[in-house]
Amino acid sequence: MEQIKSILCSVCEGDPQRSVSCKTCGGAGIGIPSNDGFLVWTEPITFFSIRLRKIRHIFHILFHVFLFTVAILSIATFFWQITKMGDATILADMHLYTAGYWYVSLLWFGLLLLCYCIFRVSEFTEESKQVPGWGISKRQLKKGKTVSTTALFHIAPYFSAHARDIIEDAYKIAQTMNRSDITPITLFASCLTSAAGNTFMTRLGMRFDTIKGPLSKLLSQGVNMYAEPQLTLDAKRILAQSFVSAQKHERQFVDALDIFTESFNANEPLQNLLDQIGFPPDHIRNVCEWLSLQSELRENHARFFALATLKPRTVMNRSMTARQTVMLDRYSEDLTWAAASGYIPPVIGREKQIEEVLRGIESGNRSVALVGEHGVGRQTIIEGIARKMVEEDVPSILFDKRLVSVSLPHVISGGDPSLATERFLSILQDAEQSGNIILVLNGMEALTQSGNGGTMDMAEILSTEISRGNILAILSTTPSAWTAYIEKRSLGSKLVKVHIPEMNVQDVKRVLMSKSGSIEWKQRVFFSYAALDKAATLADRFIHDTANPAKALDVLRESAVVARTSRGENTFVTIDDVAKVVHGKTGVPVESVTVSEREKLLKLEDHLHTRVIGQDEAVTAVSQALRRARAELSSTHRPLSNFLFLGPTGVGKTELTKALAAEYFGSEDAMIRVDMSEYQDKSSIDRMIGAPGDQSGGLLTEAVRKKPFAIVLLDELEKAHPEILNLFLQVMDDGRLTDGVGRTVDFTNTIVIATSNAGSAFIQSEIAANAPVEEIKRGLLERELKGIFRPEFLNRFDGVIVFKPLTFEDVVKIAKILLLQIAKKIEAKGMSFSADDEAISELATAGFDPQFGARPLRRAIQERVDNLLANLLLEGKVARKDHLHLIAGGHINVEKAPEI
Amino acid sequence: MKSKVLTLVRFFSVETVGSIVWFPFWWYSKGVTQLIHYFIQTLSYRIKSYSFAIWIQNFFNPMYGQQDITGRIVSVFMRFFVILFRFIALCFEAILYGIATLLWLALPASFTVLLITNILWNR
């Protein structure tokens, strides 16, 4: 935050007693040097001065009404007398007016009094003076007279009535709290209780009750002498800074917003207090900017419409050299007319690009191509130019011209190439002959043969017309279409390319601030700053199909609808409404963590262990990764986590991934499983990310595009071709992958888990030799995996987790889990199932093989339990409510249910 | 207390009685300046809306895109008369403002003279 330097008076040094009679500072004690002079607040704020201002105000109103009434009555008396005489012709007799009649004297007196009224109203009703430099362009300002910067400049008269009310209310607050000083905090508190403060709190989403207590505490700190309150040096400095702020923002008067912003910026305890109750300083400053922007837009609106009255609303220009454009009118929309009629809102944050376009046109009467992704605001920039053309704030080549947007889909509709070409030629002819037309062609690729998917090619016609200087046009397209259809053609070489980048989040917030009013009006809801901020940040982070600011605006619009439909009109759009919309669009849970979810996250290990036996390190690692992600502590430019699970087959690598998907991501379907054994040759890259130009995309990229919040399981990683593994370097490092058609697919909300059997024999032998896990891991990374994966690839993983071979005890536990699953199936048929410990142990013994993990156990259970159960069910030996009990020796006892 | 009384006295003397003294000075200095400034602003807006500069720049450019010789001749005449009539309208408006300014200057003085004459001639 830029700090304006204040200076203490060198004579009285700001001492309250000495400064009263100090002639150097005029009693201010402190001030700010500026081009207008030394800015000082010298007006005393006392009970008497506050009363006097109020009395003065009321006195002037009453006095003016009195004067006006007397004047009118005097004049009316004259005419009443004339009417009484019954002869109106007397009025024509000049002698009457100087003949000395009392009622004629009243007429002259009344008229003189009216003149006096004009003088009084003009001189005594305007309470504030305009801030110097207001309404003057910077160029004019430079030419203006220079003022001695050492002369005192009294700022009090430049404060609006509203701002003065705030200062006086600060006095009352100090008095109520028995304070003898009016500090910047008192000024801030006073601002909050004003109408502007009310708007501010509404936008911030803050209730006065929330801040009342802490603010009172802050106010009660410091001097308390039960004397009459007076402005402290800090408060006077704030008022001088407010004047500078008003001048900087080109405001007519110093307003409440200036005092509010300056008193907040200058006070750290106040910033800490608001931060503590959930309103960080940058939120407060952005809300101030929002309110400032709205008042700026209101002022600009009036100025724009004053200028718009000069712009013709017909096809004819002001010099009347144009002619009718029948064909063009049929296929186009006049943007200058739309702007002049108020249908085009002001443009925010694209001033640089508009200047670039105008510079391109001015550089040699050249046509311009705007190249940017969908949603970056190409059309908005064109509309901004239309507004500038209405104001005639454009280079001379665009002066007194119309900006006309041709609808290319309508031109080429019908599919008849000769008809479309004829229409296009007529349009160009109209524009050329009229001479006051600047054409706008959005989606210019439709002009080319391959771009419109047909046989017609109008790009060459346009290129010829442009090179002959007959046509001036602003065209727009996407970067991919520019490269594919335009760049290498003659049309591409004739155009000045202006790249339109995606907006940054701060600019997006400003756009949302400027557009929020119209959305609020349409949907009958209100936005808080938090909702705007959330819409901008979440859209930027989670939505990648369209660009900013369009995607953030979409989120904001939909959030307004969600708020209205769920809670009715005149409600506030909350951050949860915004999060709900983003969740719906992307599938990523971005809402605040609920109590039940918090419980689930904290006990994730326990839940996972119901399916995965042992492997504590792996379970803890994935659980922690998820907790970090939900607490928003993970990096926003990488996947949530990248893991490499190493270990022999059947030890639970894939099972843990499935369990995680089911437990946290909702279902096992939330897992994107890629069998890397299917990608053994280099050409299979196309299958994974899509062949160049193939709109259907690749298997992996499309799956992640559709389901961005998921687990990506790369099974049997060691079997994939090394070139394919290189693709994952980018995924694991930057969290994105570009598919065959150039779309960037976001992996930042995925957990990438790769499994591999590589080094299984080594793991098993080391485990058998009781080697510690860390040593096994080191051995794997330094020796065993070296020939299989490149070191930089292994380095990208957040964790390389070694899955230990299963022990007999583990297999017993797994057997219990599998039998539990069988019991559930039996229960669904109306029976019950159990197994005694000996039977379980027998199954575990049969299924235990350290080389193959839990897989033989599954086979053993299938053969010894499932087959028996199937026979019993098919033979009809069991009925509903019967109990089936597995005993040692591979037998199942059927306990019949008691007969009813 | 003394300073408060002084302030009150100053307020009433300056803003009531004092304003009566200040009135004629204001009327013939700041008041008339403000009025003339307003008239100048209105006239410059009118000049812009009449587009004199644009019409003079395009004096020989044919109107309505009529590029043939007849169209060009008619256009030159048309432009000449439009500029002339607009100029006359502008002059007329400027004269009205001039009269209004003279009235502004004359009114309070005339009213005062007539009032005094009437009072002195009182029957």
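**Reading chain B and a sheet in chain A**

Mentor: Chain B has a radius of gyration of 26 Å, whereas a compact globule of 123 residues would be near 14 Å. The radius is taken over C-alpha atoms, and the globule rule is 2.2 Å times the number of residues to the power 0.38. This is a predicted model: local features need pLDDT of at least 70, side-chain atom pairs count only at pLDDT 80 or more, and totals for chains, interfaces and linings use all residues. Residues are numbered from 1 along each chain as its sequence is written, with chains lettered from A and ligands numbered from 1 in the order in which they are written.

Trainee: What does the C-alpha trace of chain B span along its principal axes?

Mentor: About 85 × 50 × 15 Å.

Trainee: How many helices and strands does chain B have?

Mentor: Helices (H or I, at least four residues) and strands (E, at least two) are DSSP runs, numbered from the N terminus. Chain B has 3 helices and 0 strands.

Trainee: How do strands of a sheet pair?

Mentor: Through backbone hydrogen bonds, either parallel or antiparallel. Here, two strands pair if DSSP finds at least two bridges between them. In chain A, 5 strands form an open sheet with parallel pairing, in the order β16-β17-β20-β15-β21.

Trainee: Which strands stand at the edges?

Mentor: β16 (671–675) and β21 (799–802) of chain A. Each has a single partner strand, so one side of each is left without a neighbour in the sheet.

Trainee: How many bridges join β16(A) to β17(A)?

Mentor: There are 5, and β17 of chain A covers residues 710–715. Ile672(A) stands opposite Val712(A) in β17(A).
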